[in-house]
Amino acid sequence: MARDPKPVEFRATSLDDLRAFPDDARRMVGFQLDRVQHGEEPLDWKPMQSVGRGVREIRVRGADGAFRVIYIASLGDAIYVLHCFQKTSQRTAREDIALAVRRYKRLVEDLR
C-alpha cells in the first residue's frame, strides 16, 4: 500500500537557491527529492555527519556542473532542505558546510 509522500520544507534561501539551478539540474533534484518523499533513497547521495546526525547530501551532475542538496528526512514529519548549491571544487566549501550546520541547528531549535 502506497503511503502519503512526506512534505518538503525548504529552509531559509534553499528554495531560491534551487530555483537558480539550470533546468536539467533542477529536474534531477526534483526527481531525487520525490524519491525521498516516497521513502526511497536518492540514486546518488552521501551522509553529511559533519552537518548533523541524519543529514544527507544529494549529488547531481548536469551539463553545467555538479550540484548538491543538503537535507534531513529523519526529523519531524517533513523533509527539510537545508542548503542547495553548485560545487566549484572537489571538496565541499567550508562556507557551504557552515551554512548547512547553522540551518540544521536552527531547525532542531524550531522543532523543540
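A charge sits over a ring if NZ of Lys or CZ of Arg is within 6 Å of the ring centre and within 35 degrees of the ring normal. In this predicted model, Arg56 meets that description: Arg56 lies over the face of Trp45, at 3.7 Å from the ring centre.

A search of the whole structure finds 1 aromatic pair. The partners are Phe21 and Phe67, whose ring centres are 4.7 Å apart and whose planes stand at 45°, so the pair is tilted. Phe21 belongs to the loop between H1 and H2, while Phe67 belongs to strand E4, so the pair ties together parts that are 46 residues apart in sequence. Phe21 and Phe67 are both buried.

The relative accessible area of Arg19 is 52%, and exposed means over 50%, so Arg19 is exposed. Between the C-alpha atoms of Arg19 and Cys84 there are 9.3 Å, although these residues are 65 apart along the chain.

The buried residues of H2 are Ala25, Val29, Gln32, Leu33, Arg35, Val36 and Gln37. These buried residues pack against H1 and against strands E1 (8-10), E3 (55-62), E4 (65-72) and E5 (79-87). Just after H2 comes Gly39, with a positive phi of about 85°.

Key. Residues numbered from 1 in each chain as written. Predicted model: local features only at pLDDT ≥ 70, side-chain atom pairs only at ≥ 80, totals over all residues. Heavy atoms only, no water. Buried < 20%, exposed > 50% of the residue type's maximum accessible area, 1.4 Å probe, protein only. Helix = DSSP H or I, 4+ residues; strand = E, 2+ residues; numbered from the N terminus. Contact = heavy atoms within 4.5 Å. Phe/Tyr/Trp six-rings, centres within 6.5 Å; stacked < 30°, edge-to-face > 60°.
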